[in-house]
Amino acid sequence: MERAGARCATITVPLDYTDPGGRTLTLAVSRIKATDTAHRAGALLVNNGGPGGPSLGLAADIREVMKDVGKRYDVIGMDPRFVGRSTPLDCHWPTGTWLRSAGSDRKGFDRQAAFQRDLAERCGRAGDVLPYVTTRDTARDMDVVRAVLGERRISYLGYSYGTYLGTVYTQMFPGRTDRVVLDGALDPRAYNPRLLTTAIDANERALEHWADWTARRDARYGLGGTRAQVLAAVDDTVRTAARRPLALRAGDRTYRVDDTVVPSLLFGALADDRDPNRAALAGSVAALHRAARGGDTVEAPEQLADILAATLSGAASAAGSVQAAILCGDVAAPRDPETYRRAVEDSRAAHPLFGPLAHNTNPCAFWPRPPRERPTEVRTDARALIVAATGDPRTPYAGSQALHGLLPSSRLLTVEGAEHHGLYGEYGNACVDGRVNAYLATGRLPATDGTCPK
């Protein structure tokens, strides 16, 4: 960030905004100042999503993508409260993510429920800050940052969950935004701890298209020469993992991967349809399949080794902890594990791989603190440019369409056929980058919705 000319600072904000004289926490903020001061357009705050994604360093990346228009902005990065350098929260989990499949039978589901309960209880021991790890409080923090910067209005760029955060800000503080870009948007009415249930179909299509790509490279990966054969290899790997954990070695560690983990590994890798990512996923599945067929310990490829370390150790505990805390603090989840079990069983026939993953229980079912505020409703129109891919496996395209409908003054820019999560500056699409930069330069939304080729 220093090479990009960023300066960092901390801002003190209330833990509880209803008690401004009480406990406080610090926010870490970065700023790359505008250099074209004669044509300065204001400040642009950026958020990387998550929930709970660090965004302090994102300012430097976005400043580069903005090209010449970036010279007209103070580009602002901020680690949201309890993330990264902003008074971080860590529940000391033995995993970096709560995302697991329910497994193949009732025993597997019961083990998962116990696992999720343990995660929630660990966060319950983390202190009394949980009621304040919320999107609405982060939006309040954003408005403090705006005021500290001396801006009457602030521009905003948010990805994924960051689109929900940006939408909440427009509703809590109407009239205080200038230019707003929401990339990979969520339907705010559907935002809740079971959000992944809306993404099952998109992930199944992405998996099929990855299987087509992999089948054309059977000589390299050995997973089959047709889509059906590749998908059969995936199914065989999951079934074997249900009978016995697969052993994969990474450095001096050996990881045991069962059928609750394999689907989450696949899900985690399907949000990018470019060749390097598809190759990495094919290499990972090939290693898992070899472990399933032979029963011996298999060396994990580098990317899979990194994912296993994050998933099956506590190295990324803080990231998983704060993500759960935000989701559970924003919207209440069903408390009865049987609600999840019935949904899992109902999903198996049509969606045997991703149904038990998306419908599985989660820490919010056992969360020690109920949400203290009602979810934000979208009742105020706001001008925004919504950017979306029709095949986005994380935040499906329907979410962007829904948000567009809730904000009549917005415009929707669509990339047809892309199965990628996060487009502006991330997908290498010159059409998207150019149109977003044009909007940031002029402040004028397109007259109509538009499309960009993949």
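Biologist: How do the residues lining the largest pocket divide into nonpolar, polar and charged?
Modeller: There are 20 nonpolar, 20 polar and three charged, with Gly counted as polar and Asp, Glu, Lys and Arg as charged. This is a predicted model, where local features need pLDDT of at least 70 and side-chain atom pairs pLDDT 80 or more, while totals for chains, interfaces and linings use all residues. Residues are numbered from 1 along each chain, and side-chain values use heavy atoms, without hydrogens and water.

Biologist: Which lining residues lie nearest its centre?
Modeller: Gly50, Phe267, Gly268, Gln323 and Arg394, out of 43 lining residues. A pocket is an open set of 1 Å grid points where a 1.4 Å probe fits, with protein on both sides within 12 Å along at least five of seven lines; lining means an atom within 4 Å of a point.

Biologist: Which element gives the largest share of that lining?
Modeller: Helix α8, with five residues. Helices are DSSP runs (H or I) of at least four residues, strands (E) of at least two.

Biologist: How many residues of α8 are buried?
Modeller: Seven of its eight, 262–269, where buried means under 20% relative accessible area with a 1.4 Å probe. Phe267 is among them, as are Val262 and Ala269.

Biologist: Switching to the sheet, what is the strand order?
Modeller: β8-β7-β9, open, with mixed pairing; strands pair if DSSP finds at least two bridges between them. β8 (253–257) and β9 (298–299) are the edges, each with a single partner strand, so one side of each has no neighbour in the sheet.

Biologist: How many bridges join β7 to β8?
Modeller: Five, and the two strands run antiparallel. Ala247 has Arg256 of β8 as its bridge partner.

How values were computed. Buried means under 20% relative accessible area, exposed over 50%, partly exposed in between (1.4 Å probe, protein chains only).
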